[in-house]
Amino acid sequence: MSERRPRLEGKVAIVTGAGTRGDGVGNGKAAAMLFAREGAKIVLVDVELARAEETLAAIESESGIASAFQADVTSDEQCKALAEFAMTHYGRLDILDNNVGNSHRATVTEIDPADWDSIMELNVKSMMLTSRHAIPLMKKTGGGSIINIASIAGLRASKSTVYTTSKAAVIGLTKSMAGDHGREGIRINAISPGPVHTPMVAWRLSDEMRAHRKNTTALGTEGTPWDVGWAAVYLASDESRWVTGSVLTVDGGSSILSRHAYTDAEMNE
Ligand SMILES: NC(=O)c1ccc[n+]([C@@H]2O[C@H](COP(=O)([O-])OP(=O)(O)OC[C@H]3O[C@@H](n4cnc5c(N)ncnc54)[C@H](O)[C@@H]3O)[C@@H](O)[C@H]2O)c1
């Protein structure tokens with residue numbers, strides 16, 4: 001039997017939020033590491049350069065090829081510079097993983113409108129900005145794949161109204177862009193992760209809350225950033241050549257269960 005070819009061989013990828021806040025591995029870092037293991041060259045973008053450099057060191061320790069690039073993806077100018085950097089360094093662009101996103105727990109009566117704007121800008125506008133500079137480059141080589149990290153919070157109510165609103169908007173953005181750019185060979189899909197254990201949430205989870213998150217999945221197990229990363233590898237690769245405008249839910253079955261239908265005890269049975 002012939003040796004398996006890396007699934008992303010010859011491709012160049014941008015991953016936004018490719019660093020991780022705090023210790024551990026986040027969704028962006030996991031996707032970047034898996035892309036590199038599958039043969040892609042990666043531009044690791046982070047507003048905090050040191051965080052992107054940590055991911056770079058992890059990739060280089062496995063003999064992968066990547067570069068760290070500092071940018072705030074809410075800036076149009078910096079997104080333009082990012083696309084130019086990818087072209088100058090690697091000569092093409094095939095994959096854009098829009099991973100940056102954050103939450104802010106509040107109802108509409110509690111939230112400061114300025115906080116609302118900044119979450120919408122970070123979670124939604126940033127994806128439009130990176131995409132608007134990436135798409136013309138992807139067109140040059142006949143196509144590409146854009147992956148937008150949404151959330152199951154975009155499909156149902158959550159404790160953060162602005163997070164739910166922004167992630168629902170990410171899904172709308174994904175479908176609209178997929179319709180607009182399909183004939184250019186560019187596929188645009190979203191991933192909706194469920195309660196994944198990453199540094200983004202770890203700092204505010206007690207052991208009890210962590211166990212509860214696990215118990216709200218159909219599988220009764222905890223998701224990791226690698227689960228989200230493998231979904232991104234599939235959507236980035238030619239294996240998903242006929243998949244666009246879709247939302248891939250990676251949540252251990254959280255979203256198929258009614259939160260009120262099962263008590264923790266029942267879920268543990
Ligand atoms: N952890 C979960 O349970 C969960 C569930 C569903 C969806 N998600 C989504 O996963 C994504 C986060 O993944 P992560 O684990 O990599 O997060 P993370 O918090 O580790 O953030 C990754 C990096 O993004 C960088 N960043 C923040 N603002 C930036 C900006 N303006 N420009 C450039 N970089 C910026 C940070 O410096 C950080 O290093 C988000 O979109 C989030 O909504 C997470």
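This is a predicted model: local features need pLDDT of at least 70, side-chain atom pairs count only at pLDDT 80 or more; totals for chains, interfaces and linings use all residues.

Me: OK, how far does helix 2 reach from its first C-alpha to its last?

Reply: Helix 2, residues 49-60, reaches 16 Å, close to the 16 Å expected for its twelve residues.

Me: Which residues are buried in helix 2?

Reply: Arg51, Ala52, Thr55, Leu56 and Ile59. They sit on the same side of helix 2, because the arc they cover around the axis is only 145 degrees.

Me: And what's exposed on the other side of helix 2?

Reply: Ala50, Ala57 and Glu60 are exposed there.

Me: Is serine 63 buried or exposed?

Reply: Exposed: serine 63 has 8 other C-beta atoms within 10 Å, and a residue counts as exposed if that number is 12 or fewer.

Me: New topic, the ligand. How many residues surround it, and which are the closest?

Reply: 31 residues surround the ligand, and the closest are Gly17, Gly19, Gly26, Gly28 and Gly101.

Me: Which elements each supply at least two residues of that shell?

Reply: Helix 1 (27-37), strand 2 (41-46) and helix 6 (199-202) do. Helix 6 gives the largest share, three residues.

Me: How do the shell residues around the ligand divide into nonpolar, polar and charged?

Reply: The shell has 14 nonpolar residues, twelve polar and five charged.

Me: Zooming out, how many helices and strands does the protein have?

Reply: Nine helices and seven strands. The radius of gyration of the protein is 18 Å, close to the 18 Å from the globule rule for 269 residues, so the protein is as compact as a globular protein of that length. The C-alpha trace spans about 55 × 55 × 40 Å along its principal axes.

Me: What share of the residues count as buried?

Reply: 45% of the 269 residues.

Me: Last one: what share of the contacts with a separation of 6 or more comes from residues 24 or more positions apart?

Reply: Those residues account for 76% of such contacts in the protein.

Note on methods. Residues are numbered from 1 along each chain as its sequence is written. A residue is near a molecule or strand if its C-beta atom, placed from the backbone, lies within 6 Å of it. Helices (H or I, at least four residues) and strands (E, at least two) are DSSP runs, numbered from the N terminus. Ala, Val, Leu, Ile, Met, Phe, Trp, Tyr, Cys and Pro count as nonpolar, Asp, Glu, Lys and Arg as charged, and the others, Gly among them, as polar. The expected span of a helix is 1.5 Å times one less than its number of residues. A residue is buried if 20 or more other C-beta atoms lie within 10 Å of its own, exposed if 12 or fewer, and partly exposed in between; C-beta atoms are placed from the backbone. The arc is that of the directions from the helix axis to the C-beta atoms. The radius of gyration is taken over C-alpha atoms; the globule rule is 2.2 Å times the number of residues to the power 0.38. Two residues are in contact if their C-beta atoms, placed from the backbone, lie within 7 Å.
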